[in-house]
Amino acid sequence: MGCGVTKTSEFNRKFDKAMKAAVLIQRWYRQYAARMEVRRRYTWNIFQSMEYADLQDQIKLYNFLGYLMDNFTPSRNLISHIFRENEVCRDAEWERYFSYNNITVPDIYSGPRLTFPLDMDQAAHLVEAFKNKQQLHSRYVLQLLLETWKLLRVLPNINRVSTCHSKEITICGDLHGQLEDLLLIFYKNGMPSLEKPYVFNGDYVDRGKDSIEILLILFAFLLVFPGDVYLNRGNHEDHIINLRYGFTKEVLNKYKLHGKRILKLLQKIFSWLPLVTVIDQRVLIVHGGISDTTDLALIARVDRHRYVSALRPPKKKTPSRTNVYADSERYDEMIICKNRRGSLTFPKPFGARESFQRRSLQDFSSTILDLLWSDPMSHDGCIPNEVRGGGCYWGPDVTEGFLNRHNLQLIIRSHECKQDGYEFCHNRKVLTLFSASNYYEVGSNRGAFVRLGPDLVPYFVQYQATSMTRGLSFPQNVKRTEHTALKVLREQLFVHKSDLLSAFQEIDKENTGLICLNDWASAIERVLHLDLPWRVLHPQLVSSTTDGKLDYHGWFRDLALKKPSSEHIEQTMLETLYRHRSTLETIFRIVDTDNSGLITFEDFRQTLKLLSAYLKMEISDEVINELVISTDTNNDGSIDIDEFMEAFRLVDKKLKQQ
Amino acid sequence: MADKYSADTIITETQKRISNAFDVFDHESNKTVDVREIGTIIRSLGCFPSEADLHDIIAELEEEEPTGFVRYEKFLPTMTKILLERKFRPITEDLLLQAFEVLDQQKKGHLEPEELTKYLTQEGEPFTQEEMDEMLSAAVDPDKNVILYKDFVSMMTFDDTR
């Protein structure tokens, strides 16, 4: 029994112990990670269902406004301008309207001064300037946009790109105003150039706070490298969607003097963005997706610029220059609600006046709608996309058929946020690519871009803008995101308070204030129509007693509206206004025709009347007066929209007390 | 108390829990989940199986011709049995701490990231690089660049109960 033997057996024992310890730690950590994953998963479900529910609200609102237009209601005048095509002028006259020549740039301006034609250095300089939080002067903005508009007008509906000369093409998905992500992409991959072609797949704006900067950068590179930068249109390149999702507000805040002009020009630019891109005649890149009737030959032929907004179907070309707006024409424009096709406008019977022209108008509208709004699904078929309210859900069989018909091998699309920045489906024939990291909340997801070489094999790069996530570990990320999701969810529950309470009280006939989990969950499902794992979520939302019953009054008590009730305005009225605050704000912005952020008392009154008609609920004059007075108005007889909406924030009473 | 929690009640409650956990991963709402999520689902129900344990369970749950999916009808009885028999019991805080202490052979009171990485990616049921990175992001003290495992264990087990 020499030293060696003892050492070996000692070593073996130690080794054995160490291995057992390692196994234990691994076993334990995997369990912890799994529980984190579940929380991350349902947090994700919460965000997605809320996003889509909000989108549906927008659709409903627009349907309602369309209804008002049809029925010659008094408030028609407030909103008719958004339905008017305004195509009375020629392009040349529009160019005069958008003229920037009379805008002087003060000496004190330290931002980039552009000279046209642009070159690569100026484009790079622009990126650098935005990185340093500078703002481009409106004169240059208008000039750049005008040049962009001129260029886009000569581009075809289908961008055709080739990977010849061993060029690798980089493709990016949704950016949604998140400049940090675009800068990260350029940092990792280099800026667009002759050697580095890029395709951007839509949704450049809304939600994030630097939408205009992203557009300016992309357009600058488009102008410098028109053969190597390709832009597709997304469903957010739509001025009516922008009213609700932040882009309009951003531009008006950043460009107080010329914002309106800039927005009008952008409206035209958006309608002139190409619809799809095809690489090597093998890969299709489109923002939303396809349907069972998508046909590239048809897409190549449409007048894409007449499709200004998804929520405003194109008018027939009127020969006269006067702005005729007869009701009969409105009928012609309605997208028909066919047996399997969803419609974005108020569905009405078409009548016997079908004509070939009308049908082709409708066909091309729904064609473009499909391209920009559709989502893939896992089972076969093609059904209306009721979640979004436009486009369709298409199945693997539709993908197969489409690819075969057109001799393609892959569809790259965006439109849906994915946790890892990208995701394949339909037997890896469809790729979803999303480039806005931390989209729902800090740490919620990564972004990704993809490179395709001549072999057309995708190479992915994932990233996460870290300035906010720096220092946060994975579990901290999950918890933070979960916290936000639950906050949003609690708000949603609050918003449906009266309906929920009635549902609960129907079950709890003895009024004990307690209800069992099953009943609670089914009541919530019935009222909210949100497909979420309520039973898994319940501990975070409602407190339970020792014998497993839930106290359904508890969490209502803790939440309250910031704006206190007063003599004429009851709590329930405020709660209703709170529930519809997005709609209310959207209507305000529509009514605010000069985009100043202010509306007159009279228009405010009219807006609330409009809302009351929409909600089929009375909002009395006393209430309206009270709201007008209690909002801290400027002394010039107008109401600041932002200030008014500020009153409708939900506050946690517990925090207020602290 | 005893009659309130009769065997039947326990079974029903257990099955409801299983059903709810299953639903979180049932993306198409057709009572199937991807076989790769089974481990996560089982663990989310409070069990601590090893990878070898999971391998056996999955073999039981798969169809004769593996489809990549597991059906709820098969999952429910298997999982009910696991929960009622309390297989794969939790690892207590003490046990976990002891395990770290075993790895800390020099009794420093902390572990270097390289040390821990070596053990966990090479021994036992090795971590993937991703798993290791995730754990390190939570475990490594950013100032001292070591793993103060005592604090780490307390923090993680506290989190679990919230």
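**Close-up views of chain A in a predicted model**

**View 1. Helix H4 of chain A and its length.** At 1.5 Å a residue, the twelve residues of helix H4 (residues 120–131) of chain A should span 16 Å, and the 17 Å between its end C-alpha atoms agrees with this; the expected span is 1.5 Å times one less than the number of residues. Helices (H or I, at least four residues) and strands (E, at least two) are DSSP runs, numbered from the N terminus. This is a predicted model, in which local features need pLDDT of at least 70 and side-chain atom pairs count only at pLDDT 80 or more, whereas totals for chains, interfaces and linings use all residues. Residues are numbered from 1 along each chain as its sequence is written, chains are lettered from A and ligands numbered from 1 in the order in which they are written, and side-chain values use heavy atoms, with hydrogens and water left out.

**View 2. The buried face and the ends of H4(A).** The buried residues of H4(A) are A:Gln122, A:Ala123, A:Leu126, A:Val127, A:Ala129 and A:Phe130, where buried means under 20% relative accessible area, exposed over 50%, and partly exposed in between (1.4 Å probe, protein chains only). Seen down the helix axis, these buried residues fall within an arc of 160°, so they line one face of H4(A); the arc is that of the directions from the helix axis to the C-beta atoms. They pack against helix H5 (138–153), helix H6 (179–189) and helix H7 (211–224) of chain A. At the N-terminal end, A:Asp119 caps H4(A), with a side-chain oxygen 3.2 Å from the backbone nitrogen of A:Asp121, and just after the helix A:Lys133 takes a positive phi of about 65°.

View 3. A:Thr481 lies in helix H15 (residues 474–495) of chain A and, at 6% relative accessibility, counts as buried. Leaving aside neighbours within four places in sequence, A:Thr481 is in contact (heavy atoms within 4.5 Å) with A:Thr43, A:Phe47, A:Glu441, A:Val442, A:Gly443 and A:Ser444.

**View 4. The interface of chain A with chain B.** Here 34 residues of chain A are in contact with 44 residues of chain B. The two chains bury about 3,800 Å² between them, 65% of it on carbon and sulfur atoms; buried area is the accessible area (1.4 Å probe) that two parts lose on being put together, summed over both. A:Arg27, A:Trp28 and A:Arg30 supply 20% of the area that chain A buries against chain B, more than any other three residues.

Definitions and conventions
A polar contact is a pair of N or O atoms within 3.5 Å; within protein, one must be able to donate a hydrogen and the other to accept it, and residues adjacent in sequence count only if both atoms are side-chain atoms.
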